[in-house]
Each structure stands twice: as structure tokens, then as C-alpha cells.
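Here is a short report on one protein chain. Please read it alongside the sequence and the model.

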Amino acid sequence: MLDFLSQVSWTSFMIAMIMIELTPGPNMGWLAALSAQQGRKTGLIAVLGITLGLAVQVVAAATGLAAIAGQSDIVFQALRWSGVGFMLYLAWRAWVETAENAPASSDLNASFRRGLVSNLLNPKALVFYMVVVGQFTAPEQGAIWLQILALGGIHLLIAAFVHTLIVVLGSTIGNLFDEWRSKASVRLGFSLALAAIAVWIAFSTR
């Protein structure tokens, strides 16, 4: 059933997937900021949300929904600007949340939801699985939807591993600055970083 896997150019596929994950993007910036602010456990829960969001995108690509979004400018633009707006919301939250009013590290549901929503509203992820992952499929090897699911699943494992490393590094850095919430300059830095990611999404998805 998965015989097509023997025909995949694994060297090219793995290099492409790893390079894409190591390229700075929305998930990387947000996870680093979140883990530095609220710790490793919160960051890992966010990774679960991100992974689930990407898994939904894989299924959407496999079932052809990504093709619909790619052909409909209205749908694509709605996803695009929703993603930009959500990152700006996170930037605002990073600025207004101080030690007194920030969610506790135990508020894991909020981190999970943010990770999930930010990737459900990421138009680049939707198109990525159709265009990039789709390049490694072969119609003569069987159902395209099955190939996208299998290759997309492998990418999810790579993405989860890279995101976990970011969380570990971010939380380690965060532990060195226990008083981050009391400093407006630190909160401003996180906020501006997230706002920059929103601008990056807006320009890179034109």
C-alpha cells in the first residue's frame, strides 16, 4: 500500500523538509518567545497545538481542499489576513501581559489553542503540502492523497522535533531572566518580534 515510498528521493526530501523548518518563521519566533516567557511545559503544549494544526493542513491538502483555497483568491486572502491578525493579537498580548496579569504557566489550554489556531490560519502551510510535498509524489505509484498523507506525516515528525528544540532553547534562555515580566523593555522586545512576524507573513504570502 505504501510501495511508493521506495521511489521517493529521500535525500532531496529530507534536505527540503529540514531546511524549511530551520528557516525562521511564525512558529519559530512565537515558540521561542512563549517558552522564554512561560517555560518549557507551556512551550511543549504549544508544540502539540501547532502539530495538530499542521496535521489538519495535511488532511486538507490530501483531500483537495488546499487546491480550492489556492484557486480562490477570496479564500486565500481571508486565510492570509486572518493569520496576520492573529500574530498581531499575540504581539499585543505579549506587551500587555505583565507579571500581575499574564496567564499562569499552568494555563496550558490557551497555549495549545494559540498554536492550533495560528497554524489553521496559515495559508503558506496549506499550500506547502500541495506544492512542495506534492512534488515528491508520483501519480503512477498510486493514490496521490495517500502519498501526501504519508509524506506530510513525515514532515510533521520533523517539524515537531525542530519545534521541541526551539522550546528547550527558549525556556533555557527564559530561565536566565526570571524578572522578564517586570521589564517593559523585555515585553516590548517580544511584542515587536511577534509584530515583525505578522509583517513577514503579510509580505511573504503576497
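## Helix H6

Helix H6 covers residues 108-120, and its 13 residues should span 18 Å at 1.5 Å a residue; the end C-alpha atoms are 18 Å apart, which agrees. The expected span of a helix is 1.5 Å times one less than its number of residues. Helices (H or I, at least four residues) and strands (E, at least two) are DSSP runs, numbered from the N terminus.

The buried residues of H6 are Leu 108, Ala 110, Ser 111, Arg 114, Gly 115, Leu 116, Ser 118 and Asn 119. Buried means under 20% relative accessible area, exposed means over 50%, and partly exposed lies in between (1.4 Å probe, protein chains only).

## Basis of the model

This is a predicted model: local features need pLDDT of at least 70, side-chain atom pairs count only at pLDDT 80 or more, and totals for chains, interfaces and linings use all residues. Residues are numbered from 1 along each chain as its sequence is written, and side-chain values use heavy atoms, with hydrogens and water left out.

## Overall fold

The chain has nine helices and zero strands. Along the sequence the pattern reads α-α-α-α-α-α-α-α-α. Of the 206 residues in the chain, 45% are buried.

Take the contacts (heavy atoms within 4.5 Å). Among those with a separation of 6 or more, 84% join residues 24 or more positions apart. The accessible surface of the chain is about 10400 Å², and carbon and sulfur atoms own 69% of that surface. Accessible areas come from the Shrake-Rupley method with a 1.4 Å probe; for residues, only the protein chains shown count as cover.

## Nonpolar core

The largest nonpolar core has 28 residues, and Trp 30, Leu 31, Leu 54 and Tyr 129 touch the most other members. At least two residues of this core come from each of H1, helix H2 (26-38), helix H3 (40-62), H7 and helix H8 (144-175). H8 gives the most, with eight residues. A nonpolar core is a set of buried Ala, Val, Leu, Ile, Met, Phe, Trp, Tyr and Cys residues joined through side-chain atoms within 4.5 Å. In soluble globular proteins, nonpolar side chains tend to be buried together.

H3 has 23 residues, which should span 33 Å at 1.5 Å a residue; its end C-alpha atoms are 33 Å apart, which agrees. Just after H3, Gly 64 takes a positive phi of about 95°.

Phe 128 lies in helix H7 (residues 123-131). Phe 128 counts as buried because its relative accessible area is 12%. Gln 147 lies in helix H8 and is buried, at 1% relative accessibility. The C-alpha atoms of Gln 147 and Ala 62 are 8.2 Å apart, although the residues are 85 apart along the chain.

Leu 5 sits in the segment before H1. Leu 5 is partly exposed, at 22% relative accessibility. Beyond its neighbours within four places in sequence, Leu 5 is in contact with Trp 10, Ala 150 and Leu 151. Leu 5 and Ala 138 are 133 residues apart in sequence, with C-alpha atoms 9.8 Å apart.

Trp 10 belongs to helix H1 (residues 10-22). Its relative accessible area is 31%, so Trp 10 is partly exposed. Trp 10, Met 14 and Ile 18 make a nonpolar surface patch of about 230 Å². Patches are made of residues with over 30% relative accessible area and no salt bridge; like charges are joined within 9 Å, nonpolar side chains (Val, Leu, Ile, Met, Phe, Trp, Tyr) within 5 Å. A salt bridge is a side-chain nitrogen of Lys or Arg within 4 Å of a carboxyl oxygen of Asp or Glu.
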